[in-house]
Number of protein chains: 2
Amino acid sequence: MFLVSFVPLQPDLPLGSPHERSDAARNRERLLCAARELVDEFGAEALTMDALACKAKVGKGTVFRRFGSRAGLMMTLLSDAESDFQRAFMFGPPPLGPGASPAERLTAFGEGRIYFVLENGELLKAAGAATRNRFDVPATKLSHRHMEVLLREAGIADPWVMAMSLTYALDPERIVDDVRVRGISPKRLTDSWRDVVARLMRPA
Amino acid sequence: MFLVSFVPLQPDLPLGSPHERSDAARNRERLLCAARELVDEFGAEALTMDALACKAKVGKGTVFRRFGSRAGLMMTLLSDAESDFQRAFMFGPPPLGPGASPAERLTAFGEGRIYFVLENGELLKAAGAATRNRFDVPATKLSHRHMEVLLREAGIADPWVMAMSLTYALDPERIVDDVRVRGISPKRLTDSWRDVVARLMRPA
DNA sequence: ATAGAAAGCGGACTGCGGTCCGTTTAGTAT
DNA sequence: ATACTAAACGGACCGCAGTCCGCTTTCTAT
């Protein structure tokens, strides 16, 4: 059995920091707390780094030292939920986790992701929007890798590229906007996903 | 035969402007010219609205009056090329235009779009990035509609949603980054697209 | 306890997209 | 020609993400 380490969901600085100074720890807590309050009250979209610094009674530089960027902050805020989902599709029970066929797992993965996105949509959109190459969101990379493996098992010719296509088809911005802006029901999205996977993976 | 009007690629103000004032026309020309020079020299990514205003010897307000936003400017810059591609898949010869089977047309459409994106990648990325809901890029809407029609002809259950999935899979940012950042060859992209379409549309 | 070094801090500053509004100018009606 | 009006103009201004750098705090070694 391999020693698996989770993808760090927040790029929270060069791993293995020897010791976090006490003032740094205190400020990080203050910032996360303030950020959660602001998101709850006004939504992730509306959160500005200045407002956060102000609310947490901290200098703006400190905010960026902690999180690197707005996207980094959003990823940190997401990390608990993402970790749960990661665990579920990597180690959880089938059909999401190992034990089911690739097609079943991929179907379950997409459905899970759609619901996950709908619950954490604002955060995910904000995390993706604020980043060059939304693909450099670590969770997205892992997602891609997972789909790639399943597609390979199913005998797809170029699983890497096809996984990329599917990654983009599950883009948070797309899902959130389909549901909230264009009025598509989540059920239509998951049904269509089932259909896509079934068609892609059924034997010739 | 229907009277078909092209989707206006630049939201270049409330259609049917009665008369464009001569100074406005002059400035529009100056702006487009300056914009093209800046893009040629430094790339679309690097074009700033201030620099454009300055180079065109025009106030910044004028730039935004003309084009509405950075995205609007990019769309205007793209409009010739986009129109050609639109014409090709709507009225041109098969397999891109009418006359071939839906599967063939969809395959050709994706391939065409991939090459189109690779030629005009910077502009497209800039146009899409600068817009909330990249779906409100008019050309994207038309693209979606085209794919929806083809999918419906092929008997797909929810062509609207599936077309949306495919739209995102052909996202300019995705394609450009796959090729330029992640080193995927265009051929792998088009091959994978062929594969996806073949699998999606082959009869049960 | 104390001194030195490194990590952390804060907020002024930059650059950008986009808005606002008082001023100018092109067309039109007389 | 003249006066009037609506359109166009320009650039100061705003809010935001992200950077910079001189100052402060915490930890460590003695």
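Start with A:Thr62. One of its polar side-chain atoms sits 3.0 Å from a phosphate oxygen of DNA strand C. Keep in mind that this model is predicted.

Which elements give two or more residues to the surface near DNA strand C? From chain A, helix H1 (22–42) and helix H3 (60–67) do. From chain B, the elements are helix H1 (22–42), helix H2 (49–55) and helix H3 (60–67). H3(A) gives the largest share, with five residues.

A:Arg21 has a polar side-chain atom 2.5 Å from a base nitrogen of DNA strand C. A:Gly61 uses its backbone: a polar atom there is 3.2 Å from a base oxygen of DNA strand C. So much for single contacts.

How many residues are around DNA strand C? There are 22. The ones that come nearest are A:Arg21, A:Asn27, A:Gly59, B:Lys60 and B:Arg70.

What about the DNA side? Take the atoms of DNA strand C within 4 Å of the protein. Of these, 59% belong to sugar or phosphate. The rest belong to bases.

Of the atoms of DNA strand D that come within 4 Å of the protein, sugar and phosphate account for 60%.

In chain A, a polar backbone atom of A:Arg70 is 2.9 Å from a phosphate oxygen. In chain B, a backbone N or O atom of B:Gly59 lies 2.9 Å from a phosphate oxygen. Also in chain B, a backbone N or O atom of B:Asp23 lies 3.2 Å from one.

Which elements each supply at least two residues of the surface near DNA strand D? Chain A brings H1, helix H2 (49–55) and H3. Chain B brings H1 and H3. The largest share comes from H3(B), which gives five residues. By class, the surface near DNA strand D has ten charged residues, eight polar and five nonpolar.

H3(A) gives the largest share of the surface near DNA strand C. H3(B) gives the largest share near DNA strand D. Find both on your screens. Thank you.

Key
Residues numbered from 1 in each chain as written. Chains lettered and ligands numbered in written order. Predicted model: local features only at pLDDT ≥ 70, side-chain atom pairs only at ≥ 80, totals over all residues. Heavy atoms only, no water. Near = heavy atom within 4 Å. Polar contact = N/O pair within 3.5 Å; in protein donor to acceptor, adjacent residues only side chain to side chain. Helix = DSSP H or I, 4+ residues; strand = E, 2+ residues; numbered from the N terminus. Nonpolar A, V, L, I, M, F, W, Y, C, P; charged D, E, K, R; others polar.
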